[in-house]
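Have a look at the sequence and the structure shown here. The report that follows walks through some of its details, one topic at a time.

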Amino acid sequence: MNDNDFLKPGDSIQLKDKQLMESQEVEELAQEVIKEEGLELGPSEIGYFLIYPNLSKKIAAKCMKASREVKYYSGNDYLLEISGELWDMLDRRTRYMIIFHELLHINPVYKAKQQEWVFKIRKHDYGDFYEIADRHGNEWFKTVQATVSSLYDLDPKDENQVTL
């Protein structure tokens, strides 16, 4: 096989009308969030991606547990995806908060009886996580909603349907 037949770090994959790109920038900011917020993520391996132009017009970002196949081929337990066009428009503080929110979904649980880690997804405490509301408020989320609404020319009544 030619060397050109393999993906290299930093390469992108085109899916339909979406482009998936591993993002060193997102990963570096995530490492900062993990340290500053004192997040305990166990042995979790996380893949960080920007999706261009977006995940959808109403989904700004998401965190998902990797399938068995994705885990086998990538080594990642979780995938964190962020809409690329939105990312490009946001200030650093709002980017930080999106990543913090998504990292809170990561819930590795150690099962002592089986002596193994089980990787789960944590649901919101309400519409968000108490940790974020208590420490940082929700202005950052209003910024995300307004930016997405402006970027995709959403009807004002649809702005509150923008989610993470």
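## A proline in a loop

Pro53 sits in the loop between strand E3 (46-52) and strand E4 (61-65). This is a predicted model, and in it the peptide bond from Tyr52 to Pro53 is cis, with omega near 0°.

## Two residues with positive phi

Now turn to the backbone angle phi. Gln115 is a residue other than glycine, yet its phi is positive, near 50°. You can find Gln115 in the loop between strand E6 (106-111) and strand E7 (116-121). Is Gln115 buried or exposed? Gln115 counts as exposed, because its relative accessibility is 63% and exposed means over 50%.

Asp153 also has a positive phi, near 50°, and is again a residue other than glycine. Look for Asp153 in the segment after H6. At 69% relative accessibility, Asp153 counts as exposed.

## Pairs of opposite charge

Side chains of opposite charge can pair when their charged atoms come close.

Start with Arg95 and Glu25, which form a salt bridge whose closest N and O atoms are 2.8 Å apart. Arg95 belongs to helix H4 (residues 92-103) and Glu25 to helix H1 (residues 24-37), so this pair ties together parts that are 70 residues apart in sequence. Arg95 counts as buried, at 14% relative accessibility, whereas Glu25 is partly exposed, with a relative accessible area of 42%.

Lys71 and Asp77 make another salt bridge through their side chains, with 2.9 Å from N to O.

Glu139 counts as exposed at 52% relative accessibility, and Lys142 counts as partly exposed at 42%. Salt bridges can also link up: Arg122, Asp125 and Glu131 are joined in a network of them.

In soluble globular proteins, nonpolar side chains tend to be buried together. In this model, the largest nonpolar core has 38 residues, and the members that touch the most others are Ile82, Ile98, Ile99 and Leu103. Several elements give two or more residues to this core: H1, E3, E4, strand E5 (78-83), helix H3 (84-89), H4 and H6. Which element gives the most to this core? H4 does, with six residues.

Leaving aside its neighbours within four places in sequence, Ile82 is in contact with Val26, Phe49, Leu50, Ile51, Leu55, Ala60, Ala61, Trp87, Ile98 and Ile99. Two residues in that list, Ile98 and Ile99, are also among the core members that touch the most others.

Methods. Residues numbered from 1 in each chain as written. Predicted model: local features only at pLDDT ≥ 70, side-chain atom pairs only at ≥ 80, totals over all residues. Heavy atoms only, no water. Salt bridge = Lys/Arg side-chain N within 4 Å of Asp/Glu carboxyl O. Helix = DSSP H or I, 4+ residues; strand = E, 2+ residues; numbered from the N terminus. Buried < 20%, exposed > 50% of the residue type's maximum accessible area, 1.4 Å probe, protein only. Core = buried A, V, L, I, M, F, W, Y, C linked by side-chain atoms within 4.5 Å. Contact = heavy atoms within 4.5 Å.
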